[in-house]
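This report is meant to be read beside the sequence and the model. Please keep both in view while going through the sections.

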Amino acid sequence: MTADILASVAPAAFYDRPIPLRHPFAFYEGHIPAFSFITLNERGLGEAELDPALERIFERGIDPANATEARRHDRAQWPERDAVAAFASRCDEHVEHAIATAAIEDERVPRLVRAQAAFTILEHEAMHQETMLYIVHQLEGERKRHLTGRHEDRAAPPNEFRTVSAGTATLGADPDEIAFGWDNEFARNEVRVAGFSIATYPVTNGDWLRFMAEGGHAPIFWRQRGGRWFLRLVYEEIALPRSWPVYVTFEQAQAYARWAGLRLPTEPEYHRAAFGTPQGVERPFPWGDEPPQPRHGNFGFQRFDPEPVDAHPDGVSAWGVTDLVGNGWEWTSTPFGPLNGFEPMASYPQYSADFFDGKHFVMKGASPVTARELIRRSFRNWFYADYPYMYAKFRCVAA
Ligand SMILES: [Fe+2]
């Protein structure tokens, strides 16, 4: 999938930065293999460096904090494409060799406990596939190869509220419960949640049009031509589908909720609505125990774009709440922070701790381009309140 996404970028756009605060595509082509090699082979298994200069350029995926810093990353500091590709394949060869032959699980080495470094590099790559796609999304049409899909719109269902009774929400997990988790998923935290009412479906583009008629602003993915609204998808532009979830920033979602006299759910409320049951037991997924299948929701690259909010009745939670996992991440009102028992992970200590700043908010669930391996109850995503490029939807709860 990584190679497919990079191949959809026109060669002339390889050094483009359609999102100014993000690195060019050239960075991602080198970063994913470099991060894998450094994390597993060097720091995990103690192998020698392959190319210290290129490793330094491509190691860090953390983006510049502001536009001034971003401007310093000009074209000249990135190697030629052939050099990036050659470096990437050398890293890949070494990583594949290590996975096939080395002791990647070793309970005596902190970075190799439960094969942590190997899982880290696999999930790191999957997350960057999503990052790359939302950057490709912002490229102008002639800078990418068009991959068109089939899109359906329909009348959106009435968005009734469902009652979720008071009970326990289990956030996070204990290390023994899951094969792998990022540091922000530990430890297991049981939280008491009061009863609340939550919308059956996320807010749709059609709902957002009504908000705009009363002063709301258009989301970044929308375009207006000749008095009609269009939606910019990753690879094409279509008439605005009213029944799809609207993708907006945290601030926009909050503005909508205030306008509607509602609010966003907290992270524990999301858990309760998605995984809780009237009987009191909690389940791994909204639909129950079965591992995620295409019929449960729009995730795992079945398509690049959203679908109508009621396209997956098989994914409904025990309370009748639909589309909680897939079709776009869901904003919660909870600032991203450590769970009780948090410890920075050995193989990637800056992964979460750099973002516990009160300015990032937790998103849960999955988008259409979230890999299936990332779908687990404890997984948490997070972004700045005004970051507009993410595939993030929301639903409201009664205030
Ligand atoms: Fe990265």
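The text below covers strands, a helix pair, aromatic rings and a few backbone details.

This is a predicted model, in which local features need pLDDT of at least 70, side-chain atom pairs count only at pLDDT 80 or more, and totals for chains, interfaces and linings use all residues. Residues are numbered from 1 along each chain as its sequence is written, and side-chain values use heavy atoms, with hydrogens and water left out.

**Strands**

Helices (H or I, at least four residues) and strands (E, at least two) are DSSP runs, numbered from the N terminus. Two strands are called paired if DSSP finds at least two bridges between them.

Strands β5 (residues 222-225) and β6 (residues 228-232) run antiparallel and are joined by four bridges. Across from Trp-222 stands Leu-231 of β6. The hairpin of β5 and β6 has two residues between the strands, and Gly-226 there takes a positive phi near 55°. β6 also pairs with strand β7 (residues 237-239), through three bridges and in antiparallel fashion. In that pairing, Leu-231 has Ile-238 of β7 as its bridge partner. The hairpin of β6 and β7 has four residues between the strands.

β7 also holds Ala-239. With a relative accessibility of 38%, Ala-239 counts as partly exposed (buried means under 20% relative accessible area, exposed over 50%, partly exposed in between, with a 1.4 Å probe and protein chains only). Ala-239 lies 53 Å from Asp-106, C-alpha to C-alpha, and the two are 133 residues apart in sequence.

An open sheet is formed by four strands in the order β11-β10-β9-β12, with mixed pairing. β11 and β12 are the edge strands, each with a single partner, so one side of each has no neighbour in the sheet. Inside this sheet, β9 (residues 328-335) and β10 (residues 360-366) run antiparallel and share five bridges. Gly-328 stands opposite Ala-366 of β10.

**A helix pair**

Two packed helices are described by the angle between their axes and the distance between the axes. For helix α2 (residues 25-42) and helix α5 (residues 81-101), the axes come within 9 Å and cross at roughly 30°. This makes α2 roughly parallel to α5 (angles under 35 degrees count as roughly parallel, over 145 as roughly antiparallel, 65 to 115 as roughly perpendicular and the rest as oblique). Axes here are lines fitted to C-alpha atoms, for helices over the stretch in contact, and angles run from 0 to 180 degrees between N-to-C directions.

**Aromatic rings**

Rings of Phe, Tyr and Trp (its six-membered ring) pair if their centres lie within 6.5 Å; planes under 30 degrees apart count as stacked, over 60 as edge-to-face and the rest as tilted. A search of the whole structure finds 40 such pairs. Two of them are tabulated here.

| Pair | Centre to centre | Angle between planes | Type |
|---|---|---|---|
| Tyr-134 and Phe-383 | 6.4 Å | 80° | edge-to-face |
| Trp-208 and Phe-394 | 6.2 Å | 85° | edge-to-face |

Tyr-134 belongs to helix α6 (residues 116-137) and Phe-383 to strand β11 (residues 381-384), so this pair links distant parts of the chain, 249 residues apart. Tyr-134 and Phe-383 are both buried. Trp-208 is in helix α7 (residues 205-212), and Phe-394 is in the loop between β12 (392-393) and β13 (397-398), so the pair ties together parts 186 residues apart in sequence. Trp-208 is buried, at a relative accessible area of 1%, and Phe-394 is buried at 0% relative accessibility.

Ring pairs also link a cluster whose members include Phe-35, Phe-119, Trp-182, Tyr-351 and Trp-382.

Some rings carry a charge over the face (NZ of Lys or CZ of Arg within 6 Å of the ring centre and within 35 degrees of the ring normal). The charged end of Arg-81 sits over the ring of Phe-14, 3.6 Å from its centre. Arg-225 lies over the face of Phe-230, 4.1 Å from the ring centre.

**Backbone details**

Phe-186 and Ala-187 are joined by a cis peptide bond, with omega about 0°. Ala-187 is in the loop between β2 (167-171) and β3 (189-193).

Asp-323 is not a glycine, yet has a positive phi of about 70°. Asp-323 lies in the loop between α9 (267-275) and β9 and is buried at 4% relative accessibility. Asn-327, also not a glycine, has a positive phi of about 70°. Asn-327 sits in the loop between α9 and β9 and is buried, with a relative accessible area of 0%.
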